[in-house]
Amino acid sequence: MLKHSAPAAVADINVTPMVDVMLVLLIIFMVITPMLSKGVPIDLVKTRNPIAMQAADRTDAVLISVTRDGKTYLGRDQVDPDSLAPKVKDMLTNRTDKECFLKSDARAKYEVVLKVVQNLQAAGVDQLGLLTEQMQDTRQRPEDQNKKSGD
């Protein structure tokens with residue numbers, strides 16, 4: 001009689017299940033990441049020399065947004081500009097830095113933005129950061145034109 005033996009144990013690591021799990025996690029993070037943005041998505045004003053404001057990215061930052069159609073948001077909640085002062089004042093009561101950040105749509109009415117700024121001043125805001133985007137410069141600088149001309 002022939003005696004059957006078990007096959008030899010495989011010593012290689014099978015990475016296929018691990019790669020499958022990692023791809024699923026990557027897709028989940030790609031879908032969820034845009035949902036984690038603070039505030040309301042708006043088309044920011046573009047400037048040539050913006051100043052980086054890392055404090056606006058903090059989780060406890062007070063962020064006010066003004067949309068194109070004149071709606072005002074405190075974080076993700078829509079508020080009336082006239083009722084903004086007491087709400088912001090409550091948020092800043094136990095803080096040493098009385099700092100807020102304002103995101104305004106490039107086509108928002110200046111009247112609404114001015115009303116929001118005045119209400120923030122009435123709430124006791126010491127510093128107000130206006131959030132903007134870097135303007136993409138499509139012009140060529142003179143030193144770049146000299147390089148292309150055959151120097």
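## Residue classes and basis

In what follows, Ala, Val, Leu, Ile, Met, Phe, Trp, Tyr, Cys and Pro count as nonpolar, Asp, Glu, Lys and Arg as charged, and the others, Gly among them, as polar. The model is predicted: local features need pLDDT of at least 70, side-chain atom pairs count only at pLDDT 80 or more, and totals for chains, interfaces and linings use all residues. Residues are numbered from 1 along each chain as its sequence is written, and side-chain values use heavy atoms, with hydrogens and water left out.

Strand β5 spans residues 99-104; strands (E, at least two residues) and helices (H or I, at least four) are DSSP runs numbered from the N terminus. Of its 6 residues, 6 are buried (under 20% relative accessible area, 1.4 Å probe, protein chains only).

Strand β2 (residues 62-66) runs parallel to β5, joined by 5 bridges; pairing requires at least two DSSP bridges. Strand β6 (residues 127-131) is likewise parallel to β5, with 5 bridges. Leucine 102 stands opposite isoleucine 64 and has leucine 130 as its bridge partner in β6.

## Second largest pocket

A pocket is an open set of points on a 1 Å grid over the protein atoms alone, where a 1.4 Å probe fits, with protein on both sides within 12 Å along at least five of seven lines; lining residues have an atom within 4 Å of a point. Leu102, Ser104, Tyr110 and Leu130 are among the residues lining the second largest pocket. β5, α3 and β6 each give two or more residues to this lining. By class, the lining has 8 nonpolar, 2 polar and 1 charged residues.

Key. Buried means under 20% relative accessible area, exposed over 50%, partly exposed in between (1.4 Å probe, protein chains only).
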